[in-house]
Amino acid sequence: MSPALPETLRVLERGWLSANNILFLEGERATLIDSGYVTHAAQTVELVRHALAGRQLTRLINTHSHSDHIGGNAALKAAFACDILVPAGLHATIADWDENALLLSPLGQQGARFQHDGVIKAGDELELGGLNWLALAVPGHDMEALAYYNPEQRLLISGDALWENGFGVIFPELLGEGDGISSTRATLEMLGRLAIDTVIPGHGRPFGEVDVALDRAFRRLEMFEQQLDKLAWHGIKVIVSFAMLERRSIAQKDFAAFILGLPFAADVNQRILGLAEDRLVERIERELLLVGALQLEDGNLIANT
Ligand SMILES: [Zn+2]
């Protein structure tokens with residue numbers, strides 16, 4: 001059973017292509033955290049409109065700038081004229097719409113450009129749904145990501161820094177851009193020192209038993225610390241699965257070109273795994289079929305949603 005949440009807070013739980021949307025009711029007004037993936041933007045607007053029940057959406061806040069968290073920003077702003085607030089460390093990346101730094105081009109993902117109206121820094125306090133929240137730096141999965149913590153109700157909105165089962169791919173480590181693994185450790189240790197009863201994650205249902213989730217996260221992190229190739233495989237499989245969820249189906253004979261056309265997969269293979277291209281493609285296909293992320297039907301690979 002999911003833990004009880006304050007009356008002023010609604011979680012619109014989504015699938016993997018779109019991050020969850022968290023709505024705070026504030027009298028006649030409301031604030032939303034995260035907006036899903038761009039191909040779901042119209043659905044997100046309708047879900048939010050329904051949950052608003054006539055209230056005015058005045059603010060949209062992002063935990064970080066990955067495509068599945070900001071993809072509905074432009075559509076929500078167009079629909080509700082809300083102000084958009086992003087983590088301060090992402091100001092230039094978003095203002096310049098740097099598709100490389102936003103990981104859109106490396107991961108073969110799409111976005112819809114938007115303008116933000118302000119930034120939130122780690123240490124800022126903000127009122128959401130009548131509760132006071134503290135913005136926390138949670139680097140690792142994304143070096144500029146923020147989580148939001150309410151000490152009174154012992155609630156954490158974690159984005160992709162902590163899930164019930166793990167955390168988001170540690171991209172900075174795989175891209176050779178920063179010390180993602182040790183940042184992830186510092187982030188998990190920081191979260192472990194907070195009193196938290198309930199986590200509202202970027203993906204999956206809200207959960208209690210936070211110690212259990214943290215234990216699982218630390219074990220996973222230790223595995224990556226010891227064997228970087230495990231992180232590389234995990235990252236590649238997540239990204240290929242995401243790309244296939246968007247594409248849904250591809251002829252098996254075209255799968256190799258599809259994988260090798262994702263700069264992230266080729267780049268991580270070259271930097272960490274060092275496999276011949278055909279071996280890389282063969283192993284990705286085999287493992288995604290094995291775990292049921294893909295299935296083979298009449299010569300086509302189909303994503304399981
Ligand atoms: Zn993310």
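Author: Let's start with a word we'll need: a residue counts as buried when its relative accessible area is under 20%, figured with a 1.4 Å probe on the protein chains only. Keep in mind, too, that this is a predicted model. By that cut-off His141 is buried, because its relative accessible area is 9%.

So where does His141 sit? It lies in the loop between strand E8 (131–137) and strand E9 (146–150). Those two strands belong to an open sheet of 5 strands, ordered E7-E8-E9-E10-E11, with mixed pairing. At the edges you'll find strand E7 (125–128) and strand E11 (198–201), each pairing on one side only. On average, neighbouring strands of this sheet are turned by 30° against each other, ignoring direction. Over at the E11 end, strand E10 (residues 155–159) pairs with E11 in the parallel sense over 4 bridges, and Leu155 stands opposite Thr198 in E11.

Now for the metal. The zinc ion has four protein donors: His64 through NE2, His66 through ND1, His141 through NE2 and Asp160 through OD, and they lie 2.1 to 2.3 Å from the ion. Along the chain, the donors follow the spacing H-x1-H-x74-H-x18-D. His66 lies in the loop between strand E4 (56–61) and helix H2 (67–70), while Asp160 lies in the loop between E10 and helix H6 (171–174), so this pair ties together parts that are 94 residues apart in sequence. As for the geometry, the angles among the 4 donor atoms run from 83 to 174°, and the site is irregular. It doesn't pass as tetrahedral because that would need all angles to lie between 85 and 135 degrees.

His141 and Asp160 are 19 residues apart in sequence, yet their C-alpha atoms are 6.9 Å apart in space. Leaving aside residues up to four places away in sequence, His141 touches His64, His66 and Asp160, along with Gly168, Val169, Ile170, Phe171, Pro172 and Thr184. That contact list takes in the other zinc donors, His64, His66 and Asp160.

Notes: Residues numbered from 1 in each chain as written. Predicted model: local features only at pLDDT ≥ 70, side-chain atom pairs only at ≥ 80, totals over all residues. Heavy atoms only, no water. Pairing = 2+ DSSP bridges. Axes fitted to C-alpha atoms, helices over the stretch in contact; angles between N-to-C directions. Buried < 20%, exposed > 50% of the residue type's maximum accessible area, 1.4 Å probe, protein only. Contact = heavy atoms within 4.5 Å. Donors = N, O, S within 2.8 Å, 3.2 Å for Na, K, Ca; no water. Tetrahedral: all angles 85-135°; square planar, octahedral: opposite > 155°, others 65-115°.
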